[in-house]
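Dear colleague,

I am handing over the structure below, and my notes on what was found in it follow directly after.

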Amino acid sequence: MTDSPPDIAVIDYGMGNLRSVEKALAHLGFHPSVTGDPAVIAQAPGVILPGVGAFGDAMSEIRRRGLLGVILDRGREALSGGRVFLGVCVGMQLLVQEGEEDPGVEGLGLIPGRCPRMRPGPGFKVPHMGWNGLEFLRPECPLLAGIDPGSHTYFVHSFHVLPEDPGCVAAQVDYGHPIASVLWSGNLFATQFHPEKSQRVGLKLLENFGRIALSAPTA
């Protein structure tokens, strides 16, 4: 590893598949860094907010580690078409205003909406765990470039995002009811599935993200 600034900052707040995301990005030829340093996060062309665990615990750790301000700044910048942001799994769920898992805990509020528990009905187990095929609602989404509709990605979750504006859902899957699986607004993206566990499709998505980040405006 060199001491040069990273292409992509993978935000370390103690929750998420940090090293597997870092390894996938490095395999693709990018220069990632797992970091909890707000200065590094503020300067990197792309940032990834991963997440595994509970909504409330994640927000608590973000606040405790002094990362809330820089995450909000980078998220708002991305929404305005600036440098690029990607939320993954719980990192996607944190983008909305509230989560049913921990009532009263405020999310980041970057995407108006909420995150209720999945209630898919008879024949479906919660958590939603395993592979599921993507239905593209906005195939022009640059994060999906070179990925075929119906491609399978890997999910592990019990809660799902319901944005107020359905137009920001670029892809969904069917699990007894529609599950928003890719969000897109400006240069802010998010996936409910784990790209780092989704083999060829996940690597392509991360490659797309890296390329978008390196070509995005820096100011």
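Is Asn132 buried or exposed? Asn132 counts as buried because its relative accessibility is 13%, where buried means under 20% relative accessible area, exposed over 50% and partly exposed in between, with a 1.4 Å probe and protein chains only.

Please note that this is a predicted model, in which local features need pLDDT of at least 70 and side-chain atom pairs count only at pLDDT 80 or more, whereas totals for chains, interfaces and linings use all residues. Residues are numbered from 1 along each chain as its sequence is written, and side-chain values use heavy atoms, with hydrogens and water left out.

Asn132 sits in strand β7, residues 128-133 (helices are DSSP runs of H or I with at least four residues, strands are runs of E with at least two, and both are numbered from the N terminus). A polar atom of the Asn132 side chain lies 3.1 Å from the backbone oxygen of Asp174. Leaving aside residues up to four places away in sequence, Asn132 touches, among others, Ser151, His152, Phe155 and Tyr175 (contact means heavy atoms within 4.5 Å).

In helix α1, residues 18-27, the buried residues are Leu18, Val21, Glu22, Ala24 and Leu25. They lie on the same side of α1 because they cover an arc of only 160 degrees around the axis, the arc being that of the directions from the helix axis to the C-beta atoms. These buried residues pack against β1 (8-11), β2 (32-35), β3 (46-49) and α6 (199-215), while the face turned away from them carries the exposed Lys23 and His27.

Best regards

Key:
A polar contact is a pair of N or O atoms within 3.5 Å; within protein, one must be able to donate a hydrogen and the other to accept it, and residues adjacent in sequence count only if both atoms are side-chain atoms.
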